[in-house]
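Please read them with the coordinates open.

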Amino acid sequence: MPSAADIIRDSIAEFSRVQNWMLAIEDKGSAVYQSMYDRYSV
């Protein structure tokens with residue numbers, strides 16, 4: 001079973017990946033961008 005620190009580290013790494021993908025999307029009105037924005041925006 002992963003420790004709390006492992007879970008937090010993995011979550012931060014995954015969120016960082018998503019942020020990089022969102023920055024790379026040129027069409028901010030696309031369905032993919034909107035889907036990620038809705039899921040990960042605070």
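1. Arg9 and Asp6 are joined through their side chains by a salt bridge, with an N to O distance of 2.9 Å. The term is used for a side-chain nitrogen of Lys or Arg within 4 Å of a carboxyl oxygen of Asp or Glu. Arg9 and Asp6 are three residues apart in helix α1 (residues 4-24), which means a separation of about one helical turn. Asp6 is partly exposed, its relative accessible area being 28%; the cut-offs are under 20% for buried and over 50% for exposed, with partly exposed in between (1.4 Å probe, protein chains only).

2. This is a predicted model, in which local features need pLDDT of at least 70 and side-chain atom pairs count only at pLDDT 80 or more, while totals for chains, interfaces and linings use all residues. Residues are numbered from 1 along each chain as its sequence is written, and side-chain values use heavy atoms, with hydrogens and water left out.

3. Arg9 also forms a salt bridge with Asp10, at 3.2 Å from N to O. Asp10 is partly exposed, at 44% relative accessibility.

4. Arg17 and Glu14 make a further salt bridge, with 2.4 Å between the closest N and O atoms. Both residues belong to helix α1 and stand three residues apart, about one turn of the helix. Arg17 has a relative accessible area of 40% and is partly exposed; Glu14, at 31%, is partly exposed too. Through shared partners, salt bridges link Asp6, Arg9 and Asp10 into one network. The search of the whole structure gives three salt bridges.

5. How many aromatic pairs are there? The count is two, where rings of Phe, Tyr and Trp (its six-membered ring) pair if their centres lie within 6.5 Å, and planes under 30 degrees apart count as stacked, over 60 as edge-to-face and the rest as tilted. Tyr33 and Tyr37 form a stacked pair because their ring centres are 6.2 Å apart and their planes are at 20°. Both tyrosines lie in helix α2 (residues 31-40), four residues apart, about one turn of the helix. Tyr33 is buried, with 15% relative accessible area, whereas Tyr37 is partly exposed at 41%.

6. Arg39 is placed over the face of Tyr40, 5.2 Å from the ring centre. The rule here asks for NZ of Lys or CZ of Arg within 6 Å of the ring centre and within 35 degrees of the ring normal.

7. As for the whole chain, the secondary structure amounts to two helices and zero strands; helices (H or I, at least four residues) and strands (E, at least two) are DSSP runs, numbered from the N terminus. The C-alpha trace spans about 40 × 15 × 15 Å along its principal axes. Of the 42 residues, 12% are buried. The accessible surface is about 3,600 Å², with 60% of that area belonging to carbon and sulfur atoms, by the Shrake-Rupley method with a 1.4 Å probe.
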